[in-house]
Amino acid sequence: MSLPAPVDLAPLHTLGLRASADRLLTLTSIEQWPGIHAQLTFPLHILGGGSNLVPSERVAGTVLKVELKGRQLLGEDEYAWYVAAAAGENWHDFVQWTLAQGWPGLENLSLIPGTVGAAPIQNIGAYGVELKDRFHALSAMNLADGHSCIFTPEQCSFAYRDSVFKQGEVDRWLITEVLFRLPKAWQPMLDYGDLRQQLAGQTPTPQVVAEAVIRTRQSKLPDPAQLGNAGSFFHNPRVDAAQADALRARFAGLPCYPQPDGTVKLAAGWLIEQAGWKGRSLGPVGMYEKQALVLVNHGGATASDVAALMAAVKADVLARFGVALQAEPQWW
Ligand code: EPU
């Protein structure tokens, strides 16, 4: 018996690491599931846009790429539009489509790489809006028995860059469709300083806000097509108020964001820059010169290179600030 040829994963994830998989299958319709299920080898890895992923040089088992397509207005009432999109839709294209249809609400989440189905897993967020703020429900298929279930917001347990699909339920569900609730009473969300400044004196229509978000992202974040990266590589850490006060007393300029639960969120990008890692490399990977929170692949890197840089950055931030950083991407 001959082994199947490995499948190159480099073009299938945004960090562009040297990586391959034992087997790649593609799901383009739910009806295919029984046939796909019969071919699975384990472990099973579900792939969307690959924008939050660190694959090892050889990924064992099956990679299942979700390419379910379709988007539609499911309904509307006095207060909101209800818009559904299949998991394999490109996130940014979906957001731009909703804006073109006249259903605003997702504009602050423009240009986030990845797919609609991956968006709830880590409750994507940017510029003062998180997916959970516009979420209504999702459909997911139980990978054990092929049955579909509806998840309400409560059942998803959304939190900062987190949901039930990253915790206890990881690897149990394949998200097939997401339903958004886009309120008709639209207000521009301009809490983020950069956006407010850019739009001062303008009438911020949803499209104008989207364009400002796109400009802001393009000025700070590398385009994965040009320079491999997975967006923010670490979470912004939370510390208790006493630790935040002690740090602020020692480090002038430390950005602090008090949270409703009394904790204080710190800016990981600032901590990494102060620890000397902004624009610095270790082997073929480095922390981006314009945003220290983004780990970039300068070419030819593997997951081991990423792990080495991650460990070095974490150690230096811990030594200097006593704060433990936590990586954001998923590791295969
Ligand atoms: N900062 C530095 N040096 C840096 C980077 C940032 O000093 O190299 C400082 C900034 O000056 C600012 C603070 O850190 O005072 C926060 O920086 P920024 O506004 O760029 O946002 P962030 O906290 O680094 C988060 C999200 C981004 C999201 C932006 C805007 C996380 C982990 N990251 O970044 O999300 O686009 O806010 O809302 O929460 C992503 O998750 O992939 C992502 C890009």
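## Ground rules

Helices (H or I, at least four residues) and strands (E, at least two) are DSSP runs, numbered from the N terminus. By that naming, L73 is found in strand β6, residues 71-76.

The model is a predicted one, in which local features need pLDDT of at least 70, side-chain atom pairs count only at pLDDT 80 or more, and totals for chains, interfaces and linings use all residues. Residues are numbered from 1 along each chain as its sequence is written, and side-chain values use heavy atoms, with hydrogens and water left out.

Let us start with L73. At 30% relative accessibility, L73 counts as partly exposed (buried means under 20% relative accessible area, exposed over 50%, and partly exposed in between, with a 1.4 Å probe and protein chains only). Leaving aside neighbours within four places in sequence, L73 is in contact with W81, Y82, V83 and W103, where contact means heavy atoms within 4.5 Å. L73 and Q101 are 28 residues apart in sequence, yet their C-alpha atoms are 9.6 Å apart in space.

S20 sits in strand β2, residues 20-27. With 15% relative accessibility, S20 counts as buried. Beyond neighbours within four places in sequence, its contacts are P6, V7, D8 and L9, together with S56, E57, R58 and V59.

## How α2 meets α5

Two packed helices are described by the angle between their axes and the distance between the axes. For helix α2 (residues 91-101) and helix α5 (residues 206-220), the angle is about 155 degrees and the axes are 10 Å apart. Axes here are lines fitted to C-alpha atoms, for helices over the stretch in contact, and angles run from 0 to 180 degrees between N-to-C directions. The two helices are therefore roughly antiparallel to each other (angles under 35 degrees count as roughly parallel, over 145 as roughly antiparallel, 65 to 115 as roughly perpendicular and the rest as oblique).

On the α2 side, H92, Q96 and L99 take part, and they meet P206, Q207, A210 and I214 of α5. The residues of this contact divide into four nonpolar, three polar and no charged. In this scheme Ala, Val, Leu, Ile, Met, Phe, Trp, Tyr, Cys and Pro count as nonpolar, Asp, Glu, Lys and Arg as charged, and the others, Gly among them, as polar.

## Nonpolar cores

A nonpolar core is a set of buried Ala, Val, Leu, Ile, Met, Phe, Trp, Tyr and Cys residues joined through side-chain atoms within 4.5 Å. The largest has 40 residues, and W91, F94, L138 and F180 have the most contacts inside it. Elements giving two or more residues to this core are β7 (80-86), α2, β10 (135-142), β12 (173-183), α4 (193-199) and α5.

Looking past neighbours within four places in sequence, F180 is in contact with W81, Y82, V83, W91, F94, L106, V116, L131, R134 and H136. A second, separate core has 38 residues, including L15, L293, L309 and V313.

## Backbone exceptions

Most residues other than glycine have a negative phi, and most peptide bonds are trans. The bond from F42 to P43 is cis, with omega near 0 degrees, and P43 is found in the loop between α1 (33-39) and β3 (44-47).

N123, a residue other than glycine, has a positive phi near 45 degrees; its place is the loop between α2 and β8 (125-126). N123 is buried, with a relative accessible area of 0%. Y127 has a positive phi of about 50 degrees although it is not a glycine, and lies in the loop between β8 and β9 (129-130). Y127 is buried, at a relative accessible area of 11%.
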